[in-house]
Amino acid sequence: MASIFGIRAWWVVTIAIVMALPIIVILGFVLQPFNENWQHLLDNLLLEYISNSLLLMVGVSVGVLSMGIVSAWLTASCEFPGRVILSWLLLLPLSIPAYIIAYTYTGLLDFSGPVQGQLRAWFDWGYGDYWFPEVRSLTGAICMLSLVLYPYVYMMTRAAFLEQSVSVLEASRTLGHSPLKGFFSVAIPLARPAIITGVSLALMETLADYGTVQYFGISTFTTGIFRAWYGLDDSVTAAQLASVLLTFVVVLILLERYSRREAKFHSVTSKQAGVLRFQLTGWKAFFAALACSLPVIFGFFIPAAQLLYWTIATADQSLNSDFFGLAANSLLLATLAAFVAVFLALILGYAKRLLATPLVSAAVTISSMGYAIPGTIIAIGVMLPFAWFDTVLDQWLRSTFNLSSGLLLSGSLFALIFAYTVRFLSVSIQAVDAGLSKIKPSMDDAGRSLGLSPFGVLKQIHFPLMRGTILTALLLVFVDVLKELPATLILRPFNFNTLAVRAYEMASDERLADAGAPALMIVLVGIIPIILLSRSIAHSHIKSNNNHKRFGISLRKREATG
Amino acid sequence: MSAQELKLELKLELKEVNLTYHKQAVVKDLSLSLEDGEIACLLGPSGCGKTTLLRAIAGFKSLHSGSIESSAQLLSSSTHTVAPEKRRIGMVFQDFALFPHLSVGDNICFGIRDQSAQTRKQRRRELLELIALPECENKYPHELSGGQQQRVALARAIAPRPRLLLLDEPFSSMDVELRNTLAKEIRRILKHENITAVMVTHDQHEAFSMADRIAVMNDGQLLQWDTAENLYHSPSNAFVAHFIGHSNFLKGIVRGDNVETALGKHNYKKQLDQAPDTSLEGRQVKVLIRPEYILIDKDSKQTAELVSRDFRGGFSLYSLSLQSAEEVQALLPSQANYRLGNSVGIALSTDTVSIFVNDQKRL
């Protein structure tokens, strides 16, 4: 079959090597001699980077666990007014990148913002008369990241709760446990692998975040890498710093893999269809609805309203041809990257299906590691070899033909598209895998036995079945690229701006209101995959196995924080 | 024994239980009681309400009306439902519902966590011995075979010494052979521990090998609550006769103390579906003839033609066409390989037959 489709193992291996290139480059720099900048880092800053990054991770863990588990349990196991709509509204904060929510709350809660202004007006306070929590702080960053990252824990945990056999919980009751006790002794331990997976995904995004911590002035690895790259113009130190960050990421990857493997042993398949929910009434129902509404209100509606307000307030200046130029740039980049990523994912997906060898599956695994790697690291890992290649080529052309090739690779869209593909290939791979798993190998055989040629099988069976999958995969990559900030900042060609970059620049210039329009645009487009996702969640406990795969797509799909 | 003592002896007493599901009646006016140490079985086709009834006994479902009591304690009524965890009623689930994050030993001890460490350890060892899996104490559920999981689920349910044990289709996921051995094994364990139990099944053979008494249910109603022998030989109505075992129904006319069929004159037993005071004289009734009641008797004047044969090993099930043009099935030893198409003389091995007056529409 493989030979008929024309897929060769070496294609897959080549893709894997190319996709792993940025990481290999970064790791290679560990072997480079450490220079005086590194010594300076080590003496003064590295400890701060590490402690800030760890504090962020601990804080975000607490935040996403509390919001995610409570909302997951309430919507999965209890019945209260508004449960159905809340169970998908709870996903909405995923559509807001962390740096954008950070801008909105800074605008709202700053000294000059409406909240403090109103308080001063009410109580007739002046500057320094009162204490107000500082948004632009480590605590503030933890809150911002938690508000947009808790849906990872929510989705995974909710799916786990819904998958739990009703009879397991009933068994704990016949053995003398009250519902609440059963929750802690059975439901939570059974969902633990899912919870850990959700937290590790949220922490990967936390480590990858650049926009929020940069805006709040917190020194972490990503801001440190930027400082070394731009401030010190020291690519070696930047790469070495990136490799330290990489070790944190590797720990998270291992944690995630481990918990996913463990989840297989913890799975209980329910024979009884349907979920029996505890009927909540009175004040219990009120508090359940409130607990599920607060994350949505603070994680989506307030920031979205703020963005809308800014957009309307600045509409005459911001919605001009310049803005549409930005939108066109973003559209171009996101479309190109989506097509490349989905095309590669189709090759990898079919290779895995048709050539089931350990080599091929290892290559596919390597190709899909990018979801865990911060955009900053990938960007540097792409920039360094490309710049080196450009220099070498330029020198050779000059000396041989007296020609200059300039920045052929490193200064072009090619570098950006490549970085996006590395980062988001896993998103499309998972979507394609999920789609292919619906086409059983016996269907290929059935097609052949009914007189179809291999091409006919592809055209008449695979294409109609895969069409929706391919569209989904394109959309998911598209949205992720749109939101991506740090890689775009590093790799964009000179004077090439996107929506995300514009929002970042405006915010950095303290022109928050002008950041509104591009940010709102990103959020609006980001809602589309959430709606797709919520549709699959709606059916999730009916055919939970298939949907679990589809959860996976969206879970890893997001470069939220930039 | 006083009335009160008698009531305390009743491990389960259902009084006119009515259950509804989405406003439709699924169990109707069902009453039965179970004595200490008895193993009962709710038997019936799927959708007859037996599982719903079991869940009501466990406390997962509230009653529409009626009551459920155990040892004179009210567990459920239309206004009051004791929570499942407060009932001391154990349950073995259809999918076993073992806790996958706990070892076999910890699964078994889940319900006795409040007891002293010493007691727990002793009970754990005792139960592992009882279910013959002492080497599996530290294994996890996914490492066990289906039959082993089943036995662990049983041990877990009986560890707290429940007043009553419920088993929901406990053998449904097993192959026939395993079913038989496990049913015997579980009956041995229950009897050893003197546990009162209610099992739900749709398989009469499971019911026969497990239960002391069987409640045959159909369409939410209890049709007969009896021993397996009586269900088979003296079914109280035509549904039970039809549902349990193979059955032939012949037309018969009641004449005096006898009923006349194409096979001759027989004594008959009065059945529950007959009003006691009505005279049956001259009435046309249905007469139950089990296939093994029919014998080959060369001297008999009653003859029948052999129409077809279904080889079953030691016995063959023959279809016989009677002179009355009625067809009956007969279970005959398979060594005597009768030629199809021949006529043979037949007789009945029993003098007394069951007759039914009411036509059960659901047949």
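Strand β7 (residues 164–168) of chain B runs parallel to strand β8 (residues 197–201) of chain B, and 4 bridges join the two. The model is predicted. Both strands belong to an open sheet of 6 strands in chain B. Chain B also touches chain A, with 19 residues from chain B and 19 residues from chain A in the contact.

**The sheet of chain B**

- The strand order is β6-β7-β8-β3-β9-β10 (chain B), and the pairing is mixed.
- β6 and β10 (221–226) of chain B form the edges. Each has a single partner strand, so one side of each has no neighbour in the sheet.
- On average, neighbouring strands of this sheet are turned by 20° against each other, direction ignored.

**Strand β8 and its two partners**

- Cys41(B) has Met199(B) in β8(B) as its bridge partner.
- Of the 5 residues of β8(B), 5 are buried, so the strand is largely enclosed by the rest of the structure.
- Ala197(B), Met199(B) and Thr201(B) point one way from β8(B). Val198(B) and Val200(B) point the other way, and all are buried.

- Most residues other than glycine have a negative phi.
- His22(B) is not a glycine, yet its phi is positive, at about 50°.
- His22(B) lies in the loop between β1 (10–21) and β2 (24–35) of chain B.
- His22(B) has 5 other C-beta atoms within 10 Å, so it counts as exposed; the cut-off is 12 or fewer.
- Ala72(B) also has a positive phi, near 65°, and is a residue other than glycine.
- The loop that holds Ala72(B) is between β4 (65–70) and β5 (73–77) of chain B.
- Ala72(B) is partly exposed, with 13 other C-beta atoms within 10 Å.

**Domains of chain B**

- The domain assignment gives domain 1 (3–233) and domain 2 (247–356) in chain B.
- Their C-alpha centres lie 39 Å apart.

**Where chain B touches chain A**

- The contact takes 19 residues from each of chain B and chain A.
- On the side of chain B, strand β6 (residues 89–92) gives the most, with 3 residues.
- β6 of chain B is also one of the edge strands of the sheet.
- By class, the side of chain B that touches chain A has 12 nonpolar, 5 polar and 2 charged residues.

**Chain A as a whole**

- Chain A has 24 helices and 2 strands.
- Its radius of gyration is 25 Å. A compact globule of 562 residues would have a value near 24 Å, so chain A agrees with that expectation.
- Along the principal axes, the C-alpha atoms of chain A fill a box of roughly 85 × 85 × 50 Å.
- Buried residues make up 49% of the 562 residues in chain A.
- Among contacts in chain A with a separation of 6 or more, 85% come from residues 24 or more positions apart.

How values were computed:
Residues are numbered from 1 along each chain as its sequence is written. Chains are lettered from A and ligands numbered from 1 in the order in which they are written. This is a predicted model: local features need pLDDT of at least 70, side-chain atom pairs count only at pLDDT 80 or more; totals for chains, interfaces and linings use all residues. Two residues are in contact if their C-beta atoms, placed from the backbone, lie within 7 Å. Ala, Val, Leu, Ile, Met, Phe, Trp, Tyr, Cys and Pro count as nonpolar, Asp, Glu, Lys and Arg as charged, and the others, Gly among them, as polar. Two strands pair if DSSP finds at least two bridges between them. Axes are lines fitted to C-alpha atoms, for helices over the stretch in contact, and angles run from 0 to 180 degrees between N-to-C directions. A residue is buried if 20 or more other C-beta atoms lie within 10 Å of its own, exposed if 12 or fewer, and partly exposed in between; C-beta atoms are placed from the backbone. The radius of gyration is taken over C-alpha atoms; the globule rule is 2.2 Å times the number of residues to the power 0.38. Domain bounds come from an automatic or database domain assignment.
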